[in-house]
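Look at the sequence and the structure below.

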Number of protein chains: 2
Amino acid sequence: MRYPTSAKKYEKPKSFSNRGMSLEDDINTSNQYYLTNDIGILHKKPTPITIVKVDYPKRSAATITEAYFKVPSTTDYNGIYKGKYLDFEAKECNSKTAFPFSSIHPHQIKHLKSVSKHGAIAFIIMRMIQYDKDYLIKADEFIDFYETTDRKSLPLSWIEEHGHVIEKKYTIPCNYLKVVDEVFDF
Amino acid sequence: MRYPTSAKKYEKPKSFSNRGMSLEDDINTSNQYYLTNDIGILHKKPTPITIVKVDYPKRSAATITEAYFKVPSTTDYNGIYKGKYLDFEAKECNSKTAFPFSSIHPHQIKHLKSVSKHGAIAFIIMRMIQYDKDYLIKADEFIDFYETTDRKSLPLSWIEEHGHVIEKKYTIPCNYLKVVDEVFDF
């Protein structure tokens with residue numbers, strides 16, 4: 001269990017486009033843009049935790065005083081876009097050569113497989129920190145590789161071949177819906 | 001702020017069909033049935049909280065030692081069914097005569113309105129505890145009434161007229177997808 005993963009610790013000086021924000025920050029900003037402009041309704045789910053103790057002090061808000069991070073059973077993001085159910089997981093990767101499968105929970109892979117089978121637009125957003133690049137990878141293609149390989153990671157060459165580079169704009173720092181339009185059938 | 005609302009405190013002796021479980025428990029059991037039988041993929045989102053302090057003791061799991069409940073910005077449940085995005089909120093109501101609008105956050109109503117406009121199957125599941133009945137109410141009909149009335153609550157007569165009674169089965173204690181099939185267009 002390594003929750004919550006702190007994106008900050010991996011940070012290096014970045015180009016303007018990235019401004020040292022984590023992938024989660026950039027996706028949240030992009031989702032806010034999509035929401036405000038009525039393009040799509042996508043939200044990050046809250047972090048799953050198990051609450052053990054709650055104090056109810058008089059005259060003030062309930063305080064959780066003991067809780068633990070849970071392994072997520074689904075992905076972190078979902079919502080609706082152009083009338084379709086959309087579901088994705090987002091991961092930062094610090095390696096220069098490969099994305100380790102250990103970074104993503106088997107539960108999450110199973111979830112992506114199920115929703116894709118049910119007709120979802122399902123994918124993974126992968127930030128290759130060393131190259132300052134975000135890729136959209138279709139869940140189906142990721143899962144095909146994952147289920148048929150003996151490797152413990154996704155090689156960079158595979159990511160470059162199968163991934164779709166996501167545009168970074170000032171107002172939409174991770175403009176993944178543009179790629180969704182280009183690579184999924186509606 | 002009244003999070004988390006404890007459903008338990010309203011409980012009375014119940015018929016077999018209900019077995020004293022909260023609406024949340026019944027929906028979770030139903031969702032598990034839908035998931036296991038590959039009917040639909042619906043999940044409750046984790047409770048939204050703001051984490052303030054986390055301890056990282058050596059040799060054991062990270063412990064959250066200070067956190068607060070947040071007002072949710074979306075509904076509690078969403079997922080995919082028959083290829084469609086599905087989104088709903090679930091509420092228990094202890095009154096015999098009406099469902100108070102104060103039980104549902106304006107954010108959640110706004111969210112239901114937005115997703116419905118984008119093509120979602122959007123609704124509210126309302127448990128009328130005193131009558132041991134669960135109703136599915138289409139978000140659009142709820143919102144129409146909510147936006148045009150001066151009342152502070154939804155009268156029981158309205159609920160009985162516009163709501164659709166949800167079947168309770170042992171294996172699917174809140175079989176809302178059956179009602180979804182009957183009342184939404186696919």
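Predicted model: local features only at pLDDT ≥ 70, side-chain atom pairs only at ≥ 80, totals over all residues.

Start with strand 5 of chain A, which covers residues 84–93. Eight of its ten residues are buried, so the strand is largely enclosed by the rest of the structure. Here a residue is called buried when its relative accessible area is under 20%.

Strand 5 of chain A has pairing partners. One of them is strand 4 of chain A, residues 77–81, and these two strands pair in the antiparallel sense over five bridges. Within this pair, Y81(A) stands opposite K84(A) of strand 5. The two strands form a hairpin with two residues between them, and in this hairpin K82(A) takes a positive phi near 50°. Another partner is strand 7 of chain A, residues 121–128, which runs parallel to strand 5 and is joined to it by eight bridges.

Now take both chains together. In general, two copies of a chain are related by a rotation about an axis and a shift along it.

How many residues does the contact take from chain A and from chain B? Each of the two chains gives 36 residues. The size of an interface is often given as the accessible area lost when the parts come together. Between chain A and chain B the buried area is about 3,000 Å², and carbon and sulfur atoms give 67% of this. Of the area that chain A buries against chain B, 21% comes from I64(A), Y85(A) and H118(A), which is more than any other three residues supply.

The interface also has charged and polar links. Two salt bridges are counted between chain A and chain B. D38(B) forms a salt bridge with K117(A), and their closest N and O atoms are 2.3 Å apart. Nine residue pairs across the interface are in polar contact. On the side of chain A that touches chain B, strand 1, strand 2, strand 3, strand 4 and helix 2 each supply at least two residues. Strand 3 of chain A gives the most to this side, with seven residues.

K117(B) is found in helix 2 of chain B, residues 106–117. Its relative accessibility is 62%, so K117(B) counts as exposed. The C-alpha atom of K117(B) is 9.0 Å from that of D140(B), although the two residues are 23 residues apart along the chain.

Leaving aside residues up to four places away in sequence, N31(B) touches L42(B), H43(B), Y77(B) and Y176(B). With Y176(B) there is also a polar contact between the side chains, at 2.5 Å.

Terms used
Residues numbered from 1 in each chain as written. Chains lettered and ligands numbered in written order. Heavy atoms only, no water. Buried < 20%, exposed > 50% of the residue type's maximum accessible area, 1.4 Å probe, protein only. Helix = DSSP H or I, 4+ residues; strand = E, 2+ residues; numbered from the N terminus. Pairing = 2+ DSSP bridges. Contact = heavy atoms within 4.5 Å. Buried area = accessible area lost by both parts, 1.4 Å probe. Salt bridge = Lys/Arg side-chain N within 4 Å of Asp/Glu carboxyl O. Polar contact = N/O pair within 3.5 Å; in protein donor to acceptor, adjacent residues only side chain to side chain.
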